[in-house]
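This briefing sets out selected features of the structure shown below. It treats ligand surroundings, charged pairs, backbone geometry and domain assignment in turn.

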Amino acid sequence: MEEEKKLLHIVTFGCQMNKFDSERIAGLMSATGYRLTNEVNSSNLVIFNTCCVRKHAEQRLYGRIGELKRLKKNNPNLKIAVGGCLAQSEGRKIQEKFPYVDIVFGTHNLNDLPQLVEKALVENTKSSLCETSSSVLDSKDLECVIRKDKHHAWVPITIGCNNSCSYCIVPYVRGKERSYPKEDIFEFVRNLSLDGAVEITLLGQNVNSYGNDIYGKPEFSSLLKEISGIDGIKRVRFTTSHPKDLTDEIIDNVSRYPNICEHIHLPVQAGSDRVLKLMNRKYTKDYYLGLVEKIRKNIQDVSITTDIIVGFPGETEDDFKETLEVVEKSRFDQAFTFIYSSRKGTKAETMKDEVKYEVKAERFNRLLCLQNQISLEENKKYLGRTLEVLVEGSSKKDSNILSGRTRNNKVVNFEGSFDLAHKLVDVKIEEAFTWFLKGSVV
Ligand code: 5AD
Ligand code: SF4
């Protein structure tokens, strides 16, 4: 009898690190004979890679697992695995709530997944493995990856976080900051280049503190510079930058080396010094504004994006107005705005003076309105200019419409044939919108 095909469907929630982990899961499972499918209905293994940074992500995940109950009933051979940050923090709850989930695995147990799946298949038993100590980094982590995009690759340089922002659950689920040795990262990037990647994004919760935990304490600025010299890699991006650790050398390298893209993601989180202190961010409003000024002065055409939390416990209207002031003065190209959501085990969970939901929602809308207006104005500055675009692919709705990104991370849509996919092309900008630009190939 023909052996049943092993088809794997992965559902990814959350940040870029999770996107990378999903590519690694795809690599690990393909080594055991699985093939990826976009069709959940035809798969026989579904893996959820989860996020727990905000309550919303948790609720979305529960909805998606719930949808699989019927599928599992119709196909008892289907195996369901839940991994990543929420599995790490709420593994037991997931197993109780969804008894038909076969495997729960934590953020430190990715490498154990093939064995857990094998066990579920052979013994038909359920298993849960969520180690709590930070796993040791291994250069093999970087070897086994099936990339989603041919032209682009994620490159983790650190895992975990040593900061303790009072609202944030990441240090609890990802552990202490650990850096990959420089040589392992170089080797990985060289192989990516040979494999056709032209753009890479260096990843870490705080890339700027790279190297603090390893011998010789190599600095992020030097890693960035050396990586930008690797043959074939045309664009180097990096995220996320904690404002307190963004050094002059890093800014200088972005302005100096042509392959390093002019985009800095610099989460401000809040505007008032009082709230920044409660958040334990370790900088003031004036420091942040000074940093933005320095970046703009030194890097031509730089785009600065940010994350902002609205409605942190105790945030007053005056505090919020200072957030609006920072937004007005910084003129962010884009801001990812979030309503504060209390996370179990964090310091902020126990803080008093919770802001009422209606107040949070009203502030959130005001912030969004202001930022949308600024994003549009900033985008209009590019009208009439010709920008280099790395083509990502064609639009789902119209295959003649291509979409790509500029060096400073603006999305540009334009007409062209699919042959241009994954190539660098010059596009003249003719229309500007809040979220993207439109133009024509020159
Ligand atoms: N509530 C709301 N937003 C949060 N973030 C992190 N933790 C929380 C929380 N508890 C946001 C921060 C961070 C981004 C990834 O998610 O803005 O930079
Ligand atoms: Fe969370 Fe702060 Fe670390 Fe970012 S720097 S992951 S917000 S603790």
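Strands β13 (303-310) and β14 (334-339) each supply at least two residues of the shell around ligand 1. The model is predicted. In it, the count of salt bridges comes to 33, and the domain assignment of the protein chain gives two entries, domain 1 (3-131) and domain 2 (386-441).

- The shell around ligand 1 consists of Val53, Arg54, Tyr167, Gln269, Asp307, Ile309, Phe338, Ile339, Tyr340, Ser341 and Arg343.
- By class, six of these shell residues are nonpolar, two are polar and three are charged.
- Tyr167 contributes through its backbone, with an N or O atom 3.1 Å from a nitrogen atom of ligand 1.
- On its own, ligand 1 has 410 Å² of accessible area, of which the protein covers 86%.

- Around ligand 2 are Cys161, Asn163, Cys165, Tyr167, Cys168, Val170, Pro171, Gln205, His242 and Arg281.
- This shell divides into six nonpolar residues, three polar residues and one charged residue.
- Tyr167 is listed around ligand 2 and also around ligand 1.

**Salt bridges**

- Side chains of opposite charge can pair when their charged atoms come close.
- Arg147 and Asp195 form a salt bridge through their side chains, with an N to O distance of 2.6 Å.
- That pair links distant parts of the chain, 48 residues apart: Arg147 is in the loop between β6 (127-129) and β7 (152-156), and Asp195 is in the loop between α6 (182-194) and β10 (199-203).
- Arg147 counts as buried because its relative accessibility is 17%, under the 20% limit.
- Lys244 and Asp245 form a salt bridge in which the closest N and O atoms are 2.7 Å apart.
- Lys244 has a relative accessibility of 28% and therefore counts as partly exposed.

- The side chains of Arg363 and Glu315 meet in a salt bridge, at 2.8 Å from N to O.
- Arg363 belongs to helix α12 (residues 357-380) and Glu315 to the loop between β13 and α11 (317-330), so this pair ties together parts that are 48 residues apart in sequence.
- Both partners are buried: the relative accessible area of Arg363 is 6%, and Glu315 has a relative accessibility of 5%.
- Through salt bridges that share partners, Glu315, Glu317, Lys321, Glu362, Arg363 and Arg366 are joined into one network.

**Backbone geometry**

- Most residues other than glycine have a negative phi, and most peptide bonds are trans.
- The peptide bond that joins Thr239 and Thr240 is cis, with omega at about 5°.
- Thr240 is placed in the loop between β11 (235-239) and α8 (248-256).
- Arg331 is not a glycine, yet has a positive phi of about 50°.
- The position of Arg331 is in the loop between α11 and β14, and its relative accessibility of 27% makes it partly exposed.
- Asn409, likewise a residue other than glycine, has a positive phi near 75°.
- Asn409 is found in the loop between β16 (401-406) and β17 (411-415), and counts as partly exposed at 23% relative accessibility.

- At 7% relative accessibility, Asp333 is buried.
- The side chains of Asp333 and Lys410 are joined by a polar contact of 2.6 Å.

**Domain assignment**

- Domain 1 covers residues 3-131 and domain 2 covers residues 386-441.
- The centres of domain 1 and domain 2, taken over C-alpha atoms, are separated by 34 Å.

Notes. Residues numbered from 1 in each chain as written. Chains lettered and ligands numbered in written order. Predicted model: local features only at pLDDT ≥ 70, side-chain atom pairs only at ≥ 80, totals over all residues. Heavy atoms only, no water. Near = heavy atom within 4 Å. Nonpolar A, V, L, I, M, F, W, Y, C, P; charged D, E, K, R; others polar. Domains from an automatic or database assignment. Polar contact = N/O pair within 3.5 Å; in protein donor to acceptor, adjacent residues only side chain to side chain. Areas by Shrake-Rupley, 256 points an atom, 1.4 Å probe, with all protein chains shown as cover. Helix = DSSP H or I, 4+ residues; strand = E, 2+ residues; numbered from the N terminus. Salt bridge = Lys/Arg side-chain N within 4 Å of Asp/Glu carboxyl O. Buried < 20%, exposed > 50% of the residue type's maximum accessible area, 1.4 Å probe, protein only.
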